[in-house]
Structure formats: C-alpha cells, structure tokens
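Subject: Structure handover

Hi,

My notes follow below it.

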Amino acid sequence: MKVWTLHLALLAVLFTAQFWLSPYHATNLARIMVLAVFAMGYNLAFGYTGLLSLGHALLLAAGMYAAGLPAQLCGWSAGPAFIAGIAGGGLAAAALGLLALRTAGVSFMIVTLMFAQAGFLTLLYFAPITGGDDGFAVAAASRTLFGFDLSTDSPRFLAALAIFATGLLASLALVRSPFGRTMVAMRENEERSRMLGYNTFTVKLAALTISGLYAGAAGAAYAILFGYVGASFATIQYSILPMLYVLMGGAGTTLGPFLGALLMFVLIEAATGVTTAHQFIVGAALVALILFAPKGLLGTVRDRWVRWLP
Amino acid sequence: MALEVQGLTAGYGPVTVLRGVDFRAEPGQITCLMGRNGVGKSTFLMALMGLLPGASGTVSLDGTPLHGLPAHEVPKRGLAYVPQGRRLFGPLTVAENLAVGGLVRGNDSATQDHVLTLFPRLRERLTQISGTLSGGEQQMLAIARALCLRPRVLLLDEPTEGLQPSMIALIQDAIRSLKAEGVAVVLVEQRVDAVLKLADRVAFMVAGRIEDAMPVKGLAPDADVFRTYVGV
C-alpha cells in the first residue's frame, strides 16, 4: 500500500507543478517526463532483466518516426500517431531481440549498438522522406487531441504527465507481478532460471519488447508534444542517455529513471550556465556517483534505509 | 521405475566428461552418487537437466524420454535440480523465490504450504530478502524452491556442504520426508557418514562412468569401496 501511495504522491506533486513552475520550467519538466518514460523502458530491460543494451536509440527513433511520418505524410492526428509510435517501438524491439538475444553480455551490447547505428544511417540514407539530419517539424494539425492543442503549455504538460503516469504505474504493476519477478530471476541467474523451467529467450524477448513499447511511446510523445522528428534521436547519445538516467537514479528501482532524468537534466542546465565545458561537470558528478553510490541514488537509499522501495 | 539413464555421454565443448553413464533411480529411494573430485558427478546432474548441449545417450522418466528436450522443458517433466552453491535470486524475498520456483507449474498454495511444512524455518522468514538468510536457510530455500516444481525426481548436489550440524540435520530430515512421499532423490555426497545415514543405494563414479552400485544396507564406514572409489 505504501508503495502505491508513494508513487501516487509523486504524480500528485507533478500535477501541481504546472501551477507553481514558470512556463519555461514546466515545459522542461514535460520533456523530462517524456525522457523518463524512455528511461523506464530501459530500466525494465537493463535494471530488472539485466539486458545492457546500447541500441535503445533505435527504439526511440522507431517510435518517433512511426508517429511522425504518418502525421507528416498522411495527416494522421495525435491519437493514432501516438499508437503507431508505441507499436513502432515494440516491433523494432521485438525484431532487434530476435536477432540480438542470440548473444549475451558484451556481444549483446555490440550487436544492439550495431543495429542502432544501422538504423541511424538508414534514416540519413532516406533523407528525402525522413528529413535526415535536419529532421522535420510535425504539422500543428497533427498535434491536437480531442480538440486540445498539444503544442500549447498546459495541454502539453498534462499529456506528458498522463503518459508518464501510465508508464510509471504500469512499470510498478509489472515489476511486482510474477513476470516482474521472473525478470529479476533472469537478471540474477539465467541458468538457474532455465533449471526452474523458464524459456529464458522468451522472457528476455518479452522484456525487451515491453522496453521497446516504452521507448516507442517516449519517441512518439516527443514528436507530438514538441513537434520535432530528427535523426539525431537515433544517435548513440540517445542510447547512452537512458543508461545514465537509470544508473544515476538507481537501476532496478521504479522511481530511479525519473529521478535520474530529472537530476541529469538539472545538472546539465546548471553546468551549461556556468561553463561551456558542462560535460566535464556532468562527468565528474557521474564519477562521484559511481564512487559513493554505485547502485544509484534510489538503489543506495533502498539498500541502506528503505528496503520496501520497489 | 522413475529415472533411467543409458549410455549418457556429455562434456563441455571438446572435453568429454561423461563416458556412457548407466544409472537408475527408483521412486521412494535415495540414491547417492559418490566419487573423487572431477569424476563428473555434477556434470552428470547437469546433463540430466539438459544443460549440456551435444549430450548423447538416453534419459527417461517413467518411460518418457527427456533427452533432446530444451533445458527449460525438463523441469516441467518432473525433474528438479538444486546445484552446488545454492544460487538463490538474492534480491527477492523468500516468498518471491518460492513463487518464481513454482510459476511454470502454476503456483498453488497447497504446494507452497507443503514445502513450508518441510522447512518451517522458512515460513518465519517469508518476507526476508533471501540474500540475507544464513547459509543453512539459503540451502533450505534452494531445495524448497525446487520442490515448488512438484518433482518426481530431485537432484541434489552436495546440499549440506559447509553447513553447521544442526542445519545438516534439518535438511536430512526434509530429504527423508521426500523419500517417504515417493520422490526419487539423487544425492551427490562426499561424506560417508551422510551416505550411510540417508541413502538406500550408492553409486560410485570413476572417470565419467558408474563403476559400481550397491545397496547401502550392510556397508560399514570403513568398507573397501569407500577407500577404493572415494579415497577415505
């Protein structure tokens, strides 16, 4: 009960943030919530199932383009485009998993990275359709939902919150379900799981596909809420970012991805205001984190003080 | 007959460890497997579970062939394996470990209740993170988790290794209870006193083969077979 209360309390605080944050910061918070959905998906694959992927940018971009291209080329509205984006991420993840999950460990990282790079180059190759490096802006007509203009502050914030809340509560329900425990079993000892009758390939494929659904939702949400689709989202930077969010917030904790995304965003914002070498400050913060809280912030909190934290 | 193995040959890549093992385990009996280090006892249990690709020979349970099945299908057919070193899912609680153990056979409360009757100490620790249990409790949980599969044959690899005597006694009691319920227990064990106390039959492995097998009844702790095959 206290677990659900904690998560609902966070959502309540986020809901009120639109009233006390400036429009600029509220927009940033909406962006953080969308990126946190991406990180939540990454956390399900990496934090809970032990799949260290370097190819999640492919899944984010799959969702983004699966939503953005129909909106751009066929004039789809936000609802169908968003659903197409989720499906795009899930399908890309399933296809990636069918091939990459034949490997494990470092090989899995390399193979996922390779596919993500292939995806990025494909987007550049088909630049006349995808917009290549420049990308394209999603038409305003495709950014409305039930009459609400999602390009304006308040509807955009509420839409981001709705997607984040759905992702967070679904993630919590999933990790507390029998399948969630199976994911953890897989992470802890794959061979032992097999000896208990689990088809480890199927479990990992399912976890990766769910992770892809989250990445697809985040990509589609980004395209619709912020109106931009571009190949830069398929670069390795967007495979590294969710990993950093998860590592910073706490891998294998439901709230860690949001906390990591929030802190990283704030850290980059603050560092950018101080120096042009802001990545140096971010790097130093990450080194400090590894030294003093190797399980991430919430992972450390759970280990030391709050054992019930999911 | 519960478990019958004929001509089982297996190993790791190019290294052949098992060289045509013939073996039988009967329901309601405890069969101990003894032998010096490196003769293939643990490899034999892994091969039974289908964990060694490229194994040849036949393994059948009540006449149903198990050889050639993917490893994850074997536990569903009635074989459960508790490897050396326990290997729990450390961050999960005791209850969650048991739930994961029984999921593929459709967790039912009667099975879990029965398992907790065998190991009452675990009932007191259901919400405890399994990684924080004592060594003996972890071993109990490893066995309990395997029992959630409702096995007809239980393979145990040195389950009392490194445990204090009181814990050893509790685990041995549980193994006797399983025998009384008709489970065929195959136990890899190095200690002669434990074998004499628990087993109905003992099989001796030498260089990847079963060299000798006999009833335990009548064997003395200083019998020649122990000196010959185990070196004690």
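In chain A, 78% of the contacts with a separation of 6 or more join residues 24 or more positions apart. Two residues are in contact if their C-beta atoms, placed from the backbone, lie within 7 Å.

This is a predicted model: local features need pLDDT of at least 70, side-chain atom pairs count only at pLDDT 80 or more, and totals for chains, interfaces and linings use all residues. Residues are numbered from 1 along each chain as its sequence is written, while chains are lettered from A and ligands numbered from 1 in the order in which they are written.

Overall fold. Chain A has 14 helices and 4 strands (DSSP runs numbered from the N terminus: helices are H or I, at least four residues; strands are E, at least two). Of its 310 residues, 48% count as buried (20 or more other C-beta atoms within 10 Å of the residue's own, all placed from the backbone).

Helix H11(A). This helix covers residues 237-249. Buried residues number 10 of its 13, so H11(A) is largely enclosed by the rest of the structure. Among them are Tyr238(A), Leu241(A), Tyr245(A) and Met248(A). The cover over the buried residues includes H2, H3, H5, H12, H13 and H14 of chain A. Gly250(A) follows H11(A), with a positive phi near 130 degrees.

Interface. 15 residues of chain A are in contact with 18 residues of chain B. On the chain A side, H8 (178-188) and H9 (190-195) each give two or more residues. H8(A) gives the most, with 6 residues.

Best wishes

Definitions and conventions
The expected span of a helix is 1.5 Å times one less than its number of residues. A residue is buried if 20 or more other C-beta atoms lie within 10 Å of its own, exposed if 12 or fewer, and partly exposed in between; C-beta atoms are placed from the backbone.
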